[in-house]
Amino acid sequence: MCCIHYSAPRECLSGLIKSILLDGIEAPCMPRKRVVVDFSSPNIAKEMHVGHLRSTIIGESICRLLEFFKHNVLRINHVGDWGTQFGMLIAHLQDKFPDYTSNTPSISDLQAFYKESKARFDSEEDFKARAYQCVVKLQQGNKDFINAWQAICDVSRKEFQVIYDRLGVTLIERGESFYQERMVTIVEELTKKNLLEEDDGRKIMWSSENPGEDRGVPLTVVKSDGGFTYDTSDMATIRQRIEEEEADWLIYVTDAGQALHFQLIFACAERMGILNRDMIRVDHVGFGVVLGEDGKKFKTRSGDTVKLVMLLDEGLQRSMAKLVEKGRHEQLTPEELKTAQEAVTYGCIKYADLSHNRVSDYVFSFNQMLDDKGNTAVYLLYAYTRIKSIARNCAEHFKTTRDLIASTMITLDHEKEWNLTKVLLRFGDVLIKLSKDFLLNHLCDYTYEIATSFADFYDKCYCIEKNKAGEIIKINHSRILLTEATARVLEKCFYILGLNPVEKM
């Protein structure tokens, strides 16, 4: 859908509406790129919690947006699956759950085991030494330890996938272990180029070459014990994505607190010569934290981090209660009711996140999310079902076939028809803006504007006329086609935002 000059004749804009119906909706043309989007990134052996929510939701929508532009997108889940914590966990499992290789515990048990192993690591010197030995054997490729590590990872992956399936998220896992040998190579090359400096036993790298200026904070590439850090793995990932994946656009979706870290990573990658910003676009897409209704960091009443699965389950319960309160359980089949429940639950959680400026913190409130008035997912989903019901009401009298669309003149004589058309044809402009700043709240605002503009149009412009008996006596074909075009633009907006529209709710 191209950018529109609204001084164009109405016949021109009506033709563009007709092209939506005949040819579908395309994103504005732009050079296609190979894009790597790094998002979600939970840690193995730990449950996903509310802290992973924003990265997962924002990252998925960014991928959908870029795929709509026909970019070649690689969705990467950079999980924490390596390091000292696995030595602790394996050593503890050997003691407390000796048959773990044949009877793997659930992720909840693994999380409890992780906490116990950390406590032992901090307080028991013998256990600490044994945990380090487990790490060494794991990194040396000892078969038994690799099998134990793999079993732990598999349990976590299965639980993560349950969350991703519920949220409609697609990812390819690339854990820190994937980059282990690549980190060794990074250190070797930095050493050869004399870019590392000794600092109290560790090896650091500065982002600036000039030691006379304030160089800020260095990267820690090698720890004093010889181990690698997040800095090392992120240097390895940026190189792998540019050289092996042949990416020309890298996007990292993490909390805003990591902004400085990525500034340093990008600068050091330039200094090393693996990143040329004239050729490669790199973006850190930062976001604020999720707050509770008390304005503080979102926690359970006991002060624990909110588990994501519990949050989704609570959303299902609350949305069903709302649907029952409105009597939808009496109007829908059990299958339709379940579909509506899931669409409302996951849609409202995603939309509440995306409708806020991502750089700001936002308050998580089911009461606000499930409100069917105002700029909420529930309002938009209801608006969509209302639009689709118009076509259903005249289905026996009117079929939107290609021949009928081509032969029907779409007139835009009424002010509300004209206003709705101009809103619909701004879709391409909105997408271009999103591709530059990834502020998805603008797409939410635009989607809400479509819904409210349609409500104004429908209130003032009849689409179907009925007699006193409720029988259809006249159909305004032009307005029905404008209604169908509205539904199609809304569907594209919903897709990018991760909302699942339903025709009955």
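Me: How do the residues lining the largest cavity divide by class?
Reply: That lining has 5 nonpolar, 1 polar and 3 charged residues. Here Ala, Val, Leu, Ile, Met, Phe, Trp, Tyr, Cys and Pro count as nonpolar, Asp, Glu, Lys and Arg as charged, and the others, Gly among them, as polar. The model is predicted: local features need pLDDT of at least 70 and side-chain atom pairs 80 or more, while totals for chains, interfaces and linings use all residues. Residues are numbered from 1 along each chain as its sequence is written, and side-chain values use heavy atoms, without hydrogens and water.

Me: Which element gives the largest share of that cavity lining?
Reply: α10 does, with 3 residues; α10 (308–325) and α14 (377–393) each supply at least two. Helices (H or I, at least four residues) and strands (E, at least two) are DSSP runs, numbered from the N terminus.

Me: How much space lies in the largest cavity?
Reply: About 70 Å³, a volume being the space filled by probe spheres set on grid points joined across faces, edges and corners. On a 1 Å grid over the protein atoms alone, a cavity is a set of points where a 1.4 Å probe fits but cannot get out, and a pocket is an open set with protein on both sides within 12 Å along at least five of seven lines; lining residues have an atom within 4 Å of a point.

Me: Now the pockets: how much space lies in the largest one?
Reply: About 820 Å³. Of its 32 lining residues, S40, S41, H52, D255 and Q258 are the closest to the centre.
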